[in-house]
Amino acid sequence: MSTISQDMTDRVHALVDRGASLPSIPALGLELLSIIRKPIESIDMRELVSLVERDPTLVARILRVSNSVYYGVRREVTSVSHAISLVGLDETLNYLNFYLIKAIMPECPTLKHFSADDFWSHSWSTAVAARMLGRPQLLVTAMPGELYLAGLLHDIGKVVLAVHMTDDFEKALEMAHVTQIPLHEAEMHIFGVDHALLGAHLLDNWNLPGWILDAVAFHHDPGEAPEEHREMAMLIQFANSVTNHFERTAGDAHTVPVLETAIVAREESAFSSPITLNGIIEEIGETLDARDDVLNPPEETAEPEAASEASQPEPKAETQSEATEVAPSPSTKRAAKKSVFRGILDSLRSLLD
Ligand SMILES: [Fe+2]
């Protein structure tokens, strides 16, 4: 990773000395991380099929995804190649990398203001949103697969703190909750460093390029990222804010609002156009809603089939304490997302007027 001050590096090393660490990644995992970073047109389908077939867990995962209601199959999918052709290469890589990272990370303890389920849901959503920002029309230079990985890993330092520094992490969560400040600021008070810098430092062992590490390190403060990696950090800040506004979970309810993110404020950016911004936020909202059902099928959550939007009860106004102390059901979360989504779109429409 590039430019962080010696003082900050020393503080990260102090946490490492206290036991902060990431698991090493298996060889198959390194191959998956490498494949997703390639341009989609250069990925060899046969290579991916043989890679997946080396791990029965991954085979089971991708078959389950392809057989979900979302893909509308009439006959059960039983082969990996059929599953990948149905789900699509990029989507397959999204799911495989998500399941891989989730499987190798240690299980989080249950904390008052931190839920492992919400953490992984937010990581997944941010990754999917980030990948959508890599399309040519948005005039960004970052590759979609690399944006996906940076989105998936942006908050990985939180898991490290939750697992290895549980008591102090709880203090940071409590401070953020009581004083209504962003969690990364509370972490600076408690640890002298935040989950973003810690996570990026530890990810250096996973053979990831500097721009992904810097996007993780500076996702809360992209202006501090080295110039050559700043756009990517801005895009991850944007993806993080959009998904936080849809979900308001994972203890990070005070993230910068979408309309105040650095990429929106940048005049030469496509995101500074309200029409473009409106379109991408709307599309991210629709995509997250659909993918949410693939990751959390109704039969697993014991929830009734999501009712139509019109028949959903209006979610009550969400306060910080409600968001962190009461675990909402998946259907309540979906309804809340739609409500927040409408709020963001209303803000954008007022800009267009
Ligand atoms: Fe973060």
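This is a predicted model: local features need pLDDT of at least 70, side-chain atom pairs count only at pLDDT 80 or more; totals for chains, interfaces and linings use all residues.

Me: OK. How much of the protein chain counts as buried?

Reply: 43% of its 353 residues.

Me: And what secondary structure does the protein chain have?

Reply: There are 19 helices and zero strands.

Me: What share of the contacts comes from residues 24 or more positions apart?

Reply: 67%, counting contacts in the protein chain with a separation of 6 or more.

Me: What follows H1?

Reply: Gly19, with a positive phi near 115 degrees.

Me: Next, H2. Which residues are buried there?

Reply: Leu32, Leu33 and Ile36, within a helix that spans residues 27-36.

Me: Why are they on the same side of H2?

Reply: Because they cover an arc of only 100 degrees around the axis.

Me: What's on the face turned away from the buried side?

Reply: Ala27 and Ser34, which are exposed.

Me: And what do the buried residues of H2 pack against?

Reply: Helix H3 (45-52), H6 and helix H8 (144-153).

Me: H6, then. Where is Ile104?

Reply: Ile104 is in helix H6, which runs over residues 89-104.

Me: Why does Ile104 count as partly exposed?

Reply: It has 13 other C-beta atoms within 10 Å.

Me: What is Ile104 in contact with?

Reply: Pro23, Ile25 and Gly29, leaving aside neighbours within four places in sequence. Ser24 is 80 residues from Ile104 in sequence, yet their C-alpha atoms are 8.3 Å apart.

Me: Switching to the largest nonpolar core. Which residues touch the most other members?

Reply: Ala130, Ala150, Val216 and Leu235, out of 91 residues in that core. Helix H14 (residues 227-247) gives the most to this core, with nine residues.

Me: Which domains does this core draw on?

Reply: Domain 1 (19-104) and domain 2 (108-352), with at least three residues from each.

Me: Back to Leu235. What does it touch?

Reply: Ala130, Leu133, Val140, Ala142, Leu147 and Ile263. That leaves out residues up to four places away in sequence.

How values were computed:
Residues are numbered from 1 along each chain as its sequence is written. Helices (H or I, at least four residues) and strands (E, at least two) are DSSP runs, numbered from the N terminus. A residue is buried if 20 or more other C-beta atoms lie within 10 Å of its own, exposed if 12 or fewer, and partly exposed in between; C-beta atoms are placed from the backbone. Two residues are in contact if their C-beta atoms, placed from the backbone, lie within 7 Å. The arc is that of the directions from the helix axis to the C-beta atoms. A nonpolar core is a set of buried Ala, Val, Leu, Ile, Met, Phe, Trp, Tyr and Cys residues joined through C-beta atoms within 7 Å. Domain bounds come from an automatic or database domain assignment.
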